[in-house]
Amino acid sequence: MADDPQRNFRSAYYEKVGFRGVEEKKSLEILLKDNPLDLEKLSTFSQRFPLPSMYRIHVWKVLLGILPPHSESNALVGGYRKEQYLDIVEALEVTRYINASTPSTHVYLRMFQLESQVLPRCSEISPPDEENEDFLSISRAMDEIVDDPVDCYWLIKCFVNQFHIKFGDSLPHLPKSLEHYLSQEEPRLLNHFKQTGTLAQLPYNLWFRRCFAGCLPESSLQRVWDKVISGSCKILVFVALEILLSNKIVLMGLNRPEGVVKFLCNIPQENTDAIVAKAIDLWHKYCGTPMHST
């Protein structure tokens with residue numbers, strides 16, 4: 001679709017006077033009036049623009065299949081989701097896997113294990129392994145983003161399941177992809193990592209398996225998850241890339257892999273919004289911008 005000069009002028013004006021995203025918000029509202037909702041258009045919108053906070057959770061629920069595209073069925077399906085949630089919680093309480101003092105994220109983990117038919121015996125429960133820690137990290141982040149526990153559990157469950165179904169085969173290749181783009185943007189930093197033996201030690205699990213949960217504050221993380229939920233795991237590579245680029249002066253001064261990893265696992269939190277914005281720009285630069293029409 002050809003660019004509309006008048007629209008581009010209006011968008012530039014809105015952004016200049018502090019109303020960035022005004023037209024995008026209107027476009028999303030038009031999409032959300034469709035019945036049934038067009039999932040492809042919703043995905044494309046989420047790929048191109050940040051979702052307004054007032055609509056984010058609803059769009060996530062639709063894209064993850066928690067709510068149906070037909071809006072008249074939302075109340076009915078939402079009721080079923082709540083009943084299922086309460087039934088699982090009750091089952092875990094009766095069997096003494098959880099109680100009133102169990103942290104919510106551990107409740108979600110036991111629920112997920114029960115539904116996935118991998119719930120261990122009570123006598124065999126051990127400290128969380130790496131896979132469970134990935135789940136708990138995503139749960140902690142989602143718990144900060146979503147107020148309602150029913151919505152929170154369904155979003156965690158469907159996010160984790162969709163991520164592994166859609167992107168499980170791609171995950172092992174993301175570190176190599178990061179290396180490629182780093183060679184394009186900052187070859188000196190890449191050479192420094194290679195010379196110091198750091199490249200293989202970068203916190204890939206934190207970045208790629210946990211989708212930056214526990215690394216970025218939730219306010220920045222939501223914009224990354226917009227892209228993941230709407231169909232792109234490649235955005236994770238560019239967020240990692242921009243973290244490296246934004247901190248290259250510090251990283252060039254670190255000569256031990258453990259020092260680099262310690263820094264990257266605890267990056268400064270004050271400029272993460274800018275990092276995510278630049279990462280999205282890099283993602284569009286290398287991967288193109290999906291076209292969208294209402």
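These notebook entries record what I looked up in the predicted model.

**Ground rules.** I number residues from 1 along each chain as its sequence is written, and I keep to heavy atoms for side-chain values, with hydrogens and water left out. Since this is a predicted model, local features need pLDDT of at least 70 and side-chain atom pairs count only at pLDDT 80 or more, while totals for chains, interfaces and linings use all residues.

I began with empty space, which rolling a probe the size of a water molecule over the atoms shows. I take a pocket, on a 1 Å grid over the protein atoms alone, as an open set of points where a 1.4 Å probe fits, with protein on both sides within 12 Å along at least five of seven lines, and lining residues as those with an atom within 4 Å of a point. A volume here is the space filled by probe spheres set on the points, which are joined across faces, edges and corners. The second largest pocket holds about 260 Å³, and of the 15 residues that line it, Phe-112, Glu-131, Asn-132, Phe-135 and Val-160 are the closest to its centre. Which helices each supply at least two residues of this lining? I found helix H6 (104–115), helix H7 (130–145) and helix H8 (149–167), with H7 giving the largest share, 5 residues. The helices are DSSP runs (H or I, at least four residues), numbered from the N terminus. I sorted the lining into 7 nonpolar, 4 polar and 4 charged residues, where Ala, Val, Leu, Ile, Met, Phe, Trp, Tyr, Cys and Pro count as nonpolar, Asp, Glu, Lys and Arg as charged, and the others, Gly among them, as polar.

For packing I use axes that are lines fitted to C-alpha atoms, over the stretch in contact for helices, and angles from 0 to 180 degrees between N-to-C directions. Angles under 35 degrees count as roughly parallel, over 145 as roughly antiparallel, 65 to 115 as roughly perpendicular and the rest as oblique.

Helix H5 (residues 74–94) packs against H6 at an angle of about 100°, with the axes 10 Å apart, and H5 is therefore roughly perpendicular to H6. From H5 the contact (heavy atoms within 4.5 Å) takes in Gln-84, Tyr-85, Ile-88, Val-89 and Leu-92, and from H6 it takes in Val-107, Tyr-108, Arg-110, Met-111, Leu-114 and Glu-115. By class, I note 8 nonpolar, 1 polar and 2 charged residues in the contact of H5 with H6.

Helix H9 (residues 174–185) and helix H10 (residues 187–195) pack at about 130°, their axes 6 Å apart, so H9 is oblique to H10. Here Glu-179, Leu-182, Ser-183 and Glu-185 of H9 meet Pro-187, Leu-189, Leu-190, Phe-193 and Lys-194 of H10, and the residues of this contact divide into 5 nonpolar, 1 polar and 3 charged.

I call a residue buried under 20% relative accessible area, exposed over 50% and partly exposed in between (1.4 Å probe, protein chains only). Ser-139, in helix H7, counts as buried because its relative accessibility is 0%; leaving aside neighbours within four places in sequence, Ser-139 is in contact with Thr-105, Tyr-108 and Ile-156.

Phe-159, in helix H8, is buried as well, with a relative accessible area of 1%. Setting aside neighbours within four places in sequence, I list its contacts as Leu-64, Ile-138, Met-142, Cys-211, Trp-225, Val-228 and Ile-229. The C-alpha atoms of Phe-159 and Gly-65 are 9.8 Å apart, although 94 residues separate the two along the chain.

Leu-174 sits in helix H9 and is buried at 4% relative accessibility. Not counting residues up to four places away in sequence, Leu-174 touches Phe-208, Cys-233 and Val-237, and its C-alpha atom is separated by 8.5 Å from that of Tyr-204, 30 residues apart along the chain.

Most residues other than glycine have a negative phi, and most peptide bonds are trans. Where does the chain carry a cis peptide bond? I found one from Asn-35 to Pro-36, with omega near 5°, and Pro-36 belongs to the loop between helix H2 (22–32) and helix H3 (39–48).

Arg-96, in the loop between H5 and H6, has a positive phi of about 65° although it is not a glycine, and Arg-96 is exposed, with a relative accessible area of 73%. Gln-117, in the loop between H6 and H7, is not a glycine either and has a positive phi of about 60°; Gln-117 is exposed, with a relative accessible area of 73%.
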